[in-house]
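Subject: Structure handover

Hello,

Here is the structure for you to look over. My notes on it follow below.

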Amino acid sequence: MSSSQVRPRLPTFFDLYSQGRATPDQIDDFVDQWHGGDGQQQAIHEYLGLSLEEYDFWMRVPDALPKVLAARREGRPLEEVLRDYLQGLARTDNDADAETAKAVGAWLARRLG
């Protein structure tokens, strides 16, 4: 294919999300598109614009995207951001936060094993 025929790379879900042009819920639309064949020449995590680590975290903790974005924007490892987040969750009395803390803690334990 000549350079004049090269198609520009379409923005990934995470490109759009990080620009405020997609919401976390819209990732499901991208997953559906991938399953429909739109991006199957790529691994799904690449199609979404996530590293394998970020994708693994998102699969286990569906509310993960703000933490992934924070890690990228701050230039910090995801594990470091999540340890800080987990400490904050430990100080709350909310049942939803307790469930999230459990999932985040389990993911960190698996990763840092």
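First, a term: a nonpolar core is a set of buried Ala, Val, Leu, Ile, Met, Phe, Trp, Tyr and Cys residues joined through side-chain atoms within 4.5 Å. Buried means under 20% relative accessible area, exposed over 50%, and partly exposed in between, with a 1.4 Å probe and protein chains only.

Some ground rules. This is a predicted model, in which local features need pLDDT of at least 70 and side-chain atom pairs count only at pLDDT 80 or more, while totals for chains, interfaces and linings use all residues. Residues are numbered from 1 along each chain as its sequence is written, and side-chain values use heavy atoms, with hydrogens and water left out.

**Overall**

The chain has 7 helices and 0 strands. Helices (H or I, at least four residues) and strands (E, at least two) are DSSP runs, numbered from the N terminus. In sequence order the pattern is α-α-α-α-α-α-α. The C-alpha trace spans about 55 × 30 × 30 Å along its principal axes. Of the 113 residues, 34% count as buried. Contact means heavy atoms within 4.5 Å. Take the contacts between residues at least 6 apart in sequence: 42% of these join residues at least 24 apart.

**The core**

The largest nonpolar core holds 28 residues. Which of them touch the most other members? They are Phe13, Phe14, Leu48, Leu50, Phe57, Trp58 and Leu65. At least two core residues come from each of helix 1 (13–18), helix 2 (27–35), helix 3 (44–48), helix 4, helix 5, helix 6 (78–90) and helix 7 (95–112). In soluble globular proteins, nonpolar side chains tend to be buried together.

Look at Phe13. Leaving aside neighbours within four places in sequence, Phe13 contacts Ala22, Thr23, Pro24, Gln26, Ile27, Phe30, Tyr47, Leu48 and Leu65. Tyr17 is in helix 1. Tyr17 counts as buried, at 11% relative accessibility. With the neighbours within four places again set aside, Tyr17 contacts Ala22, Thr23, Pro24, Leu65, Pro66 and Leu69. Tyr17 and Gly49 are 32 residues apart along the chain, with 9.8 Å between their C-alpha atoms.

**Helix packing**

Axes are lines fitted to C-alpha atoms, for helices over the stretch in contact, and angles run from 0 to 180 degrees between N-to-C directions. Angles under 35 degrees count as roughly parallel, over 145 as roughly antiparallel, 65 to 115 as roughly perpendicular and the rest as oblique. A crossing is right-handed if the near helix is turned clockwise from the far one by less than a right angle, and left-handed if anticlockwise. For residue classes, Ala, Val, Leu, Ile, Met, Phe, Trp, Tyr, Cys and Pro count as nonpolar, Asp, Glu, Lys and Arg as charged, and the others, Gly among them, as polar.

*Helix 4 with helix 5.* The axes of helix 4 (residues 52–60) and helix 5 (residues 65–74) come within 9 Å and cross at roughly 155°. The two helices are therefore roughly antiparallel. Their crossing is right-handed. Glu54, Phe57 and Trp58 of helix 4 meet Leu65, Lys67, Val68 and Arg72 of helix 5. That contact divides into 4 nonpolar, no polar and 3 charged residues.

*Helix 5 with helix 6.* These axes come within 9 Å and cross at roughly 120°. Helix 5 and helix 6 are therefore oblique to each other. This crossing is right-handed. Lys67, Val68, Ala71 and Glu74 of helix 5 meet Leu78, Val81, Leu82 and Tyr85 of helix 6.

*Helix 4 with helix 7.* Here the packing angle is about 145°, with the axes 10 Å apart. The crossing is right-handed. Glu53, Asp56, Phe57 and Arg60 of helix 4 make the contact with Ala103, Val104, Trp107, Arg110 and Arg111 of helix 7. The residues divide into 4 nonpolar, no polar and 5 charged.

**Two single residues**

Not counting residues up to four places away in sequence, Asp56 touches Trp107, Arg110 and Arg111.

Gly37 sits in the loop between helix 2 and helix 3. At 39% relative accessibility, Gly37 counts as partly exposed. Gly37 and Arg83 are 46 residues apart in sequence and 36 Å apart in space, C-alpha to C-alpha.

Best wishes
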